[in-house]
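Please keep the sequence and the model in view while reading.

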Amino acid sequence: MAFTMLAISGSLRSESSNTGLVEMARRLAPETVTVKVDVSISALPFYNPDLDTSETWPDAVRLWRDEVQRADALWIATPEYSGGPTAVLKNAIDWVSRPMGQQVLTGKVISLAASAGGGGGARILDYLTGVLSFFGNTLVIEPSLSFALGAQRISADGTCTDPEIEALVIARLAAVDAALHSAATSVPHS
Ligand SMILES: Cc1cc2nc3c(=O)[nH]c(=O)nc-3n(C[C@H](O)[C@H](O)[C@H](O)COP(=O)(O)O)c2cc1C
């Protein structure tokens, strides 16, 4: 079986360690998972319900919605900002969680990772786990990818000075692959 995973960084910083975690996923993913790295969320306008209809979606929103719809899995790596999600990631989530009944952020296998400050992004991982589960997705959060001061060890190009981080990323990618196979072969309840 072959799957597509959209990998998203919640940081716009050029030297972002979370972009590094995205690049690590691209480099280390198993052959069954094709990783597409998304760079379009920074082009999204601020979410506005007035624009959130199929007649009025701006081009960047259509592109983002299509990317999410086509993906079997999402790989989200993000910092924590002020105890919450970064604005660019929260905005991107809002655009795919509505309109009610047409949301495309559902039925996905979603892997969460955080490279943040001293707390390793624990609050943002909890928040995202809750909200993305609520939307009907399967969250893959083991082994934990929560890196305190990860920017000291992970470069934006996906190189890493800590072999333990690379081993954890490989283990997480294997867990995502297993979840994708399980979702593809599970028999729906009647
Ligand atoms: C505006 C701002 C707010 C931040 N707030 C938090 C926070 O609440 N918790 C935390 O652990 N780190 C916080 N940080 C630190 C970042 O999460 C950390 O620098 C992270 O490595 C940035 O990710 P990046 O390397 O992908 O850009 C904050 C940084 C900025 C710029």
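## The largest cavity

S3 and H3 each contribute at least two residues to the lining of the largest cavity. Helices (H or I, at least four residues) and strands (E, at least two) are DSSP runs, numbered from the N terminus. The model is predicted, and local features need pLDDT of at least 70, side-chain atom pairs count only at pLDDT 80 or more, and totals for chains, interfaces and linings use all residues. Residues are numbered from 1 along each chain as its sequence is written, and side-chain values use heavy atoms, with hydrogens and water left out.

H3 gives the most to this lining, with 4 residues. The lining of the largest cavity is made up of Ile 8, Trp 64, Leu 74, Ile 76, Leu 89, Ala 92, Ile 93, Val 96, Leu 105 and Leu 132. Its volume is about 50 Å³, and the count comes to 1 cavity of 30 Å³ or more. On a 1 Å grid over the protein atoms alone, a cavity is a set of points where a 1.4 Å probe fits but cannot get out, and lining residues have an atom within 4 Å of a point. Grid points are joined across faces, edges and corners, and a volume is the space filled by probe spheres set on the points.

## Salt bridges

Side chains of opposite charge can pair when their charged atoms come close. Here the count comes to 6 salt bridges (a side-chain nitrogen of Lys or Arg within 4 Å of a carboxyl oxygen of Asp or Glu). In one of them, Arg 27 pairs with Glu 166, with the closest N and O atoms 3.2 Å apart. This pair links distant parts of the chain, since Arg 27 lies in helix H1 and Glu 166 in helix H5, 139 residues apart. Arg 27 counts as partly exposed because its relative accessibility is 43% (buried means under 20% relative accessible area, exposed over 50%, partly exposed in between, with a 1.4 Å probe and protein chains only). Glu 166 is also partly exposed, at 24%.

Another salt bridge joins the side chains of Lys 36 and Glu 67 (3.1 Å, N to O). It connects strand S2 (residues 33-37), which holds Lys 36, to helix H2 (residues 59-70), which holds Glu 67, across 31 residues. Lys 36 is partly exposed at 39% relative accessibility, whereas Glu 67 is buried at 9%.

A further salt bridge, between Glu 80 and Arg 123, has an N to O distance of 2.8 Å. Glu 80 sits in the loop between strand S3 (73-77) and helix H3 (87-96), and Arg 123 belongs to helix H4 (residues 122-134), 43 residues apart. With a relative accessible area of 18%, Glu 80 is buried, while Arg 123 is exposed at 55%.

## Helix H5

The 23 residues of H5 should span 33 Å at 1.5 Å a residue, and the end C-alpha atoms are 33 Å apart, which agrees. The expected span is 1.5 Å times one less than the number of residues. Buried residues of H5 include Ile 165, Val 169, Arg 172 and Leu 173.

Ala 175 is found in helix H5 (residues 163-185) and is partly exposed at 24% relative accessibility. Leaving aside residues up to four places away in sequence, Ala 175 touches Val 140 and Glu 142 (contact means heavy atoms within 4.5 Å).

Key:
1 Å grid on protein atoms, 1.4 Å probe; cavity = no way out; pocket = protein on both sides within 12 Å on 5 of 7 lines; lining within 4 Å.
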